[in-house]
Amino acid sequence: MRATWQGKQVLVTGADGFIGSHLAEALVQAGAQVRALVQYNSFNSWGWLDQSTLAGQMDIVSGDIRDPFLCQTLCKDVDTVFHLAALIAIPYSYIAPGSYVDTNVTGTLNMVQAARDQNVRRFMHTSTSETYGTAQYVPIDEQHPMQPQSPYSASKIGADAMAMSYFLAFQTPVTIARPFNTYGPRQSARAVIPTIIGQIASGVSQIKLGDTSPTRDFNYVADTCQGMMALMESERTIGQTVNISSNYEVSVQDTLDLIKRLMKSDVEFVQDAQRLRPKDSEVFRLWGDNRKLIELTGYQPTTSLEQGLQQTIDWFSQPDNLKAYKTGIYNV
Ligand SMILES: NC(=O)c1ccc[n+]([C@@H]2O[C@H](COP(=O)([O-])OP(=O)(O)OC[C@H]3O[C@@H](n4cnc5c(N)ncnc54)[C@H](O)[C@@H]3O)[C@@H](O)[C@H]2O)c1
């Protein structure tokens, strides 16, 4: 039987970000007491939680996972930790790789050590399909080899290993969620779907892009969040690494054509050398096998790509939302 969230004290790190803000909201709606970590900054910005109508029902804490003392305080009296805070942009990891190790590897170590010390009941660490690199076979299941094709991927492989070592060495109840490409309202502009939708919504006639031939397994953000919650509702996922994917492969080019059709746009796409990745760094094929998630939790994503894109387009088409994006520059 699945656990319920009513009255449970949960911690979400990265709650200021794209997926974390949606997850924190979903947990409030499910009845949990949510402690939401937002990254400390002197502007007192809470990221996307600044716009959330549910922020008033969260205990919002500003801090930084690179600080082990803060992580101990964060985990006090917490039942379940959802650890999402990370540096995630691949292009930025080419120029600032040290900060990826500090936040993703050391930050995860701080969090999992704190979870152990504070006797947290469940700990979910967030991995990424980027750890697999270009598919050696499809669909990619959890046995697929790791290939660090970017410093970002390498830092997540290190973070995953650190988290899992706590399960194996100390029985800390770690589960690794491995989402494939997630999209939806609030995604940062460095990713291809918000770049395209944001620019079309702001009326440009030409859009510069990197390589559009790679394929991806896109997941709507609400489905990724439900998948994470399902992982933490099942006792069978302790000590497991589990893909969260739609099991549907589509090329970036076909996704762009679908967006154009849904937005009734005749925008022109042109390739921009600045956006091309180094050849061996580009991940050409991602298609995630989600049978383990279904088998362990009974959960299966429900939003089709067309439905999810339409909801994303509706959100970006509201001027108040679009205002948060700098659509005229190359965002990394
Ligand atoms: N977006 C995707 O497609 C995708 C796919 C697979 C996995 N993931 C993983 O999901 C998680 C969330 O990603 P997202 O897309 O929401 O990214 P995001 O950048 O919107 O959110 C990450 C958040 O972490 C916070 N953060 C960064 N460094 C921090 C620090 N030192 N201390 C505290 N907070 C810090 C940032 O403020 C940011 O809001 C990440 O772990 C990412 O690797 C994302």
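**Exercise 1. The ligand site**

Find the distance between a backbone N or O atom of Leu84 and an oxygen atom of the ligand. Then describe the shell around the ligand.

*Solution.* Start with the ground rules. This is a predicted model: local features need pLDDT of at least 70, side-chain atom pairs count only at pLDDT 80 or more, and totals for chains, interfaces and linings use all residues. Residues are numbered from 1 along each chain as its sequence is written, and side-chain values use heavy atoms, with hydrogens and water left out.

Step 1. The Leu84 backbone atom sits 2.8 Å from the ligand oxygen. A polar contact is a pair of N or O atoms within 3.5 Å; within protein, one must be able to donate a hydrogen and the other to accept it, and residues adjacent in sequence count only if both atoms are side-chain atoms.

Step 2. Turn to side chains. Asp64 places a polar side-chain atom 2.8 Å from a ligand nitrogen. Lys156 has a side-chain N or O atom 2.8 Å from an oxygen of the ligand.

Step 3. Check the cover. On its own the ligand has 820 Å² of accessible area, and the protein covers 91% of that. Such areas come from the Shrake-Rupley method with a 1.4 Å probe; for residues, only the protein chains shown count as cover.

Step 4. Count the shell. The ligand is surrounded by 24 residues, where near means that a heavy atom of the residue lies within 4 Å. The closest are Asp16, Ile19, Asp64, Tyr152 and Thr182.

Step 5. Sort the shell. It holds 10 nonpolar, 10 polar and four charged residues. Here Ala, Val, Leu, Ile, Met, Phe, Trp, Tyr, Cys and Pro count as nonpolar, Asp, Glu, Lys and Arg as charged, and the others, Gly among them, as polar.

Step 6. Assign helices. Both α1 (18–29) and α5 (151–170) supply at least two shell residues each. Helices (H or I, at least four residues) and strands (E, at least two) are DSSP runs, numbered from the N terminus.

**Exercise 2. Cysteines**

How many disulfides does a search of the whole structure find?

*Solution.* Step 1. The search finds zero. The criterion is a pair of cysteine sulfur atoms within 2.5 Å.

Step 1. The sulfur closest to that of Cys71 belongs to Cys75, but it is 6.7 Å away, so it is too far for a bond. Cys75 is likewise in no disulfide.

Step 2. Check burial. Cys71 is buried at 0% relative accessibility, and Cys75 is buried with a relative accessible area of 0%. Buried means under 20% relative accessible area, exposed over 50%, partly exposed in between (1.4 Å probe, protein chains only).

Step 3. Beyond sequence neighbours within four places, its contacts include Leu11, Arg35, Val81 and Met111; contact means heavy atoms within 4.5 Å.

**Exercise 3. Thr126**

Which backbone oxygen does the side chain of Thr126 reach?

*Solution.* Step 1. Locate Thr126: it is in strand β5 (residues 122–126). It counts as buried at 7% relative accessibility.

Step 1. The oxygen is that of His83, at 2.7 Å.

Step 2. Leaving aside neighbours within four places, Thr126 touches His83, Leu84, Lys156, Ala177, Pro179 and Met228.

**Exercise 4. Helix α6**

Is helix α6 mostly covered or mostly uncovered?

*Solution.* Step 1. Helix α6 (residues 192–201) is mostly covered, with eight of its 10 residues buried. Among them are Ile193, Pro194, Ile197 and Gly198.

Step 1. The cover includes β7 (182–183), β8 (206–209), α8 (252–262) and α10 (305–316).

Step 2. Just past α6, Gly203 has a positive phi of about 90°.

**Exercise 5. Backbone geometry**

Which residues does a cis peptide bond join? Is Asn44 buried or exposed? And is Arg186 buried or exposed?

*Solution.* Step 1. The cis bond joins Val138 and Pro139, with omega about -10°. Pro139 is in the loop between β5 and α5.

Step 1. Asn44 has a positive phi, near 55°, and is not a glycine. It sits in the loop between β2 (33–39) and β3 (58–63). At 53% relative accessibility, Asn44 is exposed.

Step 2. Arg186, also a residue other than glycine, has a positive phi near 85°. Its loop runs between β7 and α6. At 9% relative accessibility, Arg186 is buried.
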